[in-house]
Amino acid sequence: TSHCLSPRHQCPAGYRWPSASTSSLQRRSWTPRMLRRYAIRKCTTFVDFPLYGLSLRHCSAERAGNGVYDLYAVCNHTGTVNGGHYTAYCKSMGKWHVYNDSRVSLIQDNQVVSSEAYLLFYELEQGVGPR
């Protein structure tokens, strides 16, 4: 974790944005039950995350560069907290693919963002910020 995440801090000379960034979407909620126990439920709230141009500039000092990221992979989970199935969407050669066990298929950009996503993988845009 960088101490540069707040605009109030000065970034050290030569600071660069990391080449990759991951985000985890909270997909579990704990609901209080009787006797101090909690029920865990899967949260399927739709989160409209960007495929391109995720800007983190507001999180850093000016001299750190632009900090603009593009999505390159998503980990998905279908099912409940007690069981389910994992798939991945990955961008390769400019096209999105779904990896589902031993099957790999092409998908459209508009299929990548879904309420099943829980891990997002971003890479720093090429040619953005100081190198």
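What share of the chain's contacts with a separation of 6 or more comes from residues 24 or more positions apart? The figure is 57%, where a contact means heavy atoms within 4.5 Å. This is a predicted model, in which local features need pLDDT of at least 70 and side-chain atom pairs count only at pLDDT 80 or more, while totals for chains, interfaces and linings use all residues. Residues are numbered from 1 along each chain as its sequence is written, and side-chain values use heavy atoms, with hydrogens and water left out.

**Overall build**

- The chain has nine strands and zero helices; both are DSSP runs numbered from the N terminus, with helices being H or I over at least four residues and strands being E over at least two.
- Reading along the sequence gives the pattern β-β-β-β-β-β-β-β-β.
- Of the chain's 131 residues, 29% count as buried. Buried means under 20% relative accessible area, exposed means over 50%, and partly exposed lies in between (1.4 Å probe, protein chains only).

**The largest pocket**

- The volume of the largest pocket is about 230 Å³. On a 1 Å grid over the protein atoms alone, a pocket is an open set of points with protein on both sides within 12 Å along at least five of seven lines. Grid points are joined across faces, edges and corners, and the volume is the space filled by probe spheres set on the points.
- Its lining is made up of Ser-24, Leu-25, Gln-26, Arg-27, Arg-28, Lys-42, His-77, Thr-80, Val-81, Gly-83, Tyr-86 and Tyr-118; a lining residue has an atom within 4 Å of a point.
- The elements that give two or more residues to this lining are β5 (68-80) and β6 (83-92).
- Sorted by class, the lining holds four nonpolar, five polar and three charged residues. Here Ala, Val, Leu, Ile, Met, Phe, Trp, Tyr, Cys and Pro count as nonpolar, Asp, Glu, Lys and Arg as charged, and the others, Gly among them, as polar.

**Cysteines**

- A disulfide is a covalent bond between the sulfur atoms of two cysteines. In this search the term stands for a pair of cysteine sulfur atoms within 2.5 Å.
- Searching the whole structure turns up zero disulfides.

**Aromatic pairs**

- The count of aromatic pairs is two. Rings of Phe, Tyr and Trp (its six-membered ring) pair if their centres lie within 6.5 Å; planes under 30 degrees apart count as stacked, over 60 as edge-to-face and the rest as tilted.
- One of the pairs joins Tyr-72 and Phe-121, with 6.2 Å from centre to centre and 55° between the planes, so it counts as tilted.
- This pair links distant parts of the chain, since Tyr-72 sits in strand β5 and Phe-121 in strand β9 (residues 117-124), 49 residues apart.
- Both partners are partly exposed: Tyr-72 has a relative accessibility of 28% and Phe-121 one of 24%.

- Lys-91 belongs to strand β6 and is partly exposed, at 28% relative accessible area.
- Leaving out residues up to four places away in sequence, Lys-91 touches Tyr-52, Leu-71, Tyr-72 and Trp-96.
- From Lys-91 to Asp-109 is 18 residues in sequence and 9.6 Å in space, C-alpha to C-alpha.
- Leu-56 lies in the loop between β4 (54-55) and β5, and with a relative accessible area of 21% it is partly exposed.
- Not counting residues up to four places away in sequence, Leu-56 touches Trp-17, Asn-66, Gly-67 and Tyr-69.

**Loop residues to look up**

- Where is Met-93 placed? Met-93 is in the loop between β6 and β7 (95-100), and is exposed at 82% relative accessibility. Its phi is near 55°, a positive value in a residue other than glycine.
- Gly-94 is in the loop between β6 and β7 and is exposed, at 55% relative accessible area.
- Asp-101, in the loop between β7 and β8 (103-107), has a positive phi of about 55° although it is not a glycine. Asp-101 is exposed, with a relative accessible area of 62%.

Key. On a 1 Å grid over the protein atoms alone, a cavity is a set of points where a 1.4 Å probe fits but cannot get out, and a pocket is an open set with protein on both sides within 12 Å along at least five of seven lines; lining residues have an atom within 4 Å of a point.
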